[in-house]
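Colleague: I would like to know what stands behind the labels used for this model. Please set each value against its cut-off.

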Amino acid sequence: MSRRRVGTAVAVVAALLVSGCGGLSRTSTVEAGLEVGSGTPPDVRFTFPGPLEGASQEGIVRGFLRAGAASAGAYDNARLFLMAAVSEKWNPDRSIVLLADDAAPSATLLDPATVRVTAKAAGTVDAEGRYTAGRPGATVSATFRLTTVGGQWRVSELPEGFGRWVLRKDVTRLVQPYAVHYLSTSRRALVQDIRWFPSDKLATRLARAQLAGVPAYLKGAATSAVPDGARLLGDAVSVNAGVATVNLISSRLGPGEATRQSLWAQFVSTLTQDDGVARVALSVDGVPVALAGLDGSAGTLAEVGFSPPPGAALAPPVVRRGNTVVGFDPASTEQDPRQPTTPVTYPPVDGAFRHLAVSADGTELATTDPEEGGVSRWKGANRYEVPLEGTAVGAPSYDRRSWLWIGAVSTEGTEGPRLWVVDTRASPADREGAGARAVAASWLDGRRVLEARVAPDGDRVAVLSVGADGGGHRIDLAGVVRGGGGVPERLAPPLRLGAPISRAVSLTWLDDRSLATLGVLDGKTLQPVVFTVGGDVRALTPVRDAVAVTSTGGERDLWVTTSAGRLFGRAGSQWVDNGAANDLAVPGG
């Protein structure tokens, strides 16, 4: 679950500041881009010196920015660049700007008491740990006021809300994405919310985040066993010999063994992401949270009786070449068209029907009808039209819980439904039982859903939509609120993903934390883009005439189909033509 450290190395690294210019040390390791894995880096500590006597205004500001990259929360030297009143108010975690490269920000003296710094920005992390990626080439600037104290320049005024700027090479050791865990309301399992946290005092930061309520975009789809209003004794978590001790102050812990198991599951899953934490000891008001068979602490879900159910086996992917639909082996090529060992026979699907999808068990297909006038289900040798009160239908998709998701524009007007589901357990010949049911999501009013893809956990859905004029592309993540029988009834308020993506077509999940689309980042180039639910965005090499992207097993197994009817697979950073294909569909995703 978490990587273990062997020993502890402590290194104090001093940045060599040149008086008047604030030169930076180049002794630290350079990291290639933003690392999106979780877990703390090795315990190598970095500190930087305070201001040199006679340093220039630009040198003082540059020195302050660099000293803010100290690890383990060692900001005493950074505060020496500030006047005392400014130091008292400065919160290094209020807003963290992650810079796009390793170059020191440029500093310009606007007047004797004002310095402006500018740099390329990869993104920002707000006080709640939400990361927002910047557009390619985006810059960030900040203006500092200075005054002299005892003949030495010091910062007298910080920009509003200023926290820290972090060079790209320092990101992996200073701030990383971690999962805060909640409880699914539709199954016995955990649901992740990805947030970015500084690595110092990580166990305490993660525990504080776990105490907070369920985020808005998961409301109704997830809940928490943490009592409302609970807080940490001493506002901290102590870690001793790999055991994190969490003592909650609360008198409202719900009754029952299941509630206690859930509480343990949340804290164990969240805190053991800290490499310094192997086990968790959990108490409420000084009394250990008892579980049958548990002796003091736990390090796995199995120990607390919260092993999630195994995932359902999925059928093989399917590929359409011309009108022929067959099973697809990801190792196949045009010269070696392998098929699964137990192929399913699928009916031919005319090319006028687009956006092929396949159910999780592989027993049926779905497509949009010609001119996007509706949706058809294909079962056996037969085609069945789905009863649907909508037009301008988007690409259909199946989840892993027997539901077919359809986006369309309601015939009821601008405030009518925009998203529907079909129970595929009902025979497609049963027009009443197999009719489309609206999923409430008022935030989609006036928009058109191009595609809705349910995450592997079934508790979240990513929705690609556009405005009524065909512009304003958005990708949003929302919790799926299910009723009796697992019926998707409504979506929680959205959390925007991939903010720098200005236009997008096609959508696929790579795993429970990341997705891919064909998107535009630079204003002109449509290319495969990988983005995470934690906010990171990364473009891949373009594929000419790309129309759809899907994955048969993570980012390394991405596939792109083109308008010329060709299928391209990844080979390192490049794409290789794997033969003819009009569609490639992966079951349940």
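Modeller: Start with helix 5, whose buried residues are Leu202, Ala203, Thr204, Arg205, Leu206, Ala207, Ala209, Gln210 and Leu211. The model is predicted, so local features need pLDDT of at least 70 and side-chain atom pairs count only at pLDDT 80 or more, while totals for chains, interfaces and linings use all residues. Residues are numbered from 1 along each chain as its sequence is written, and side-chain values use heavy atoms, with hydrogens and water left out.

Colleague: What do the buried residues of helix 5 pack against?

Modeller: Their partners are strand 8 (175–184), strand 9, strand 11 (231–232), strand 12 (238–240), strand 13 (243–249) and helix 6. Contact here means heavy atoms within 4.5 Å.

Colleague: How do you describe the way helix 5 and helix 6 cross?

Modeller: The axes of helix 5 (residues 202–211) and helix 6 (residues 257–271) come within 9 Å and cross at roughly 145 degrees. Axes are lines fitted to C-alpha atoms, for helices over the stretch in contact, and angles run from 0 to 180 degrees between N-to-C directions. On the helix 5 side, Ala203, Leu206, Ala207, Gln210 and Leu211 meet Gln266, Phe267, Thr270 and Leu271 of helix 6.

Colleague: Why is the Phe64 and Phe162 pair called tilted?

Modeller: Rings of Phe, Tyr and Trp (its six-membered ring) pair if their centres lie within 6.5 Å; planes under 30 degrees apart count as stacked, over 60 as edge-to-face and the rest as tilted. Phe64 and Phe162 are 6.1 Å apart centre to centre, with 40 degrees between the planes, so they are a tilted pair. Phe64 lies in helix 1 (residues 57–67) and Phe162 in the loop between strand 6 (152–157) and strand 7 (164–166), so the pair ties together parts that are 98 residues apart in sequence. A search of the whole structure finds nine aromatic pairs. One aromatic cluster is formed by Phe64, Tyr75, Trp90, Phe144, Phe162 and Trp165.

Colleague: Are Phe64 and Phe162 buried or exposed?

Modeller: Phe64 has a relative accessible area of 2% and is buried. Phe162, at 7%, also counts as buried.

Colleague: Which residues touch the most other members of the largest nonpolar core?

Modeller: They are Phe64, Phe144, Trp165, Phe267 and Leu271, in a core of 106 residues. Such a core is a set of buried Ala, Val, Leu, Ile, Met, Phe, Trp, Tyr and Cys residues joined through side-chain atoms within 4.5 Å. A second, separate core has 16 residues, including Trp405 and Leu444.

Colleague: Where does Lys201 lie, and is Lys201 buried or exposed?

Modeller: Lys201 lies in the loop between strand 9 (190–198) and helix 5. Its relative accessible area is 58%, which makes Lys201 exposed. Phi of Lys201 is near 50 degrees, a positive value in a residue other than glycine.

Colleague: What makes Ser402 partly exposed?

Modeller: Ser402 has a relative accessible area of 30%, and is therefore partly exposed. Ser402 sits in the loop between strand 23 (397–398) and strand 24 (403–407). Its phi is positive, about 75 degrees, although Ser402 is not a glycine.

Technical notes:
Helices (H or I, at least four residues) and strands (E, at least two) are DSSP runs, numbered from the N terminus. Buried means under 20% relative accessible area, exposed over 50%, partly exposed in between (1.4 Å probe, protein chains only).
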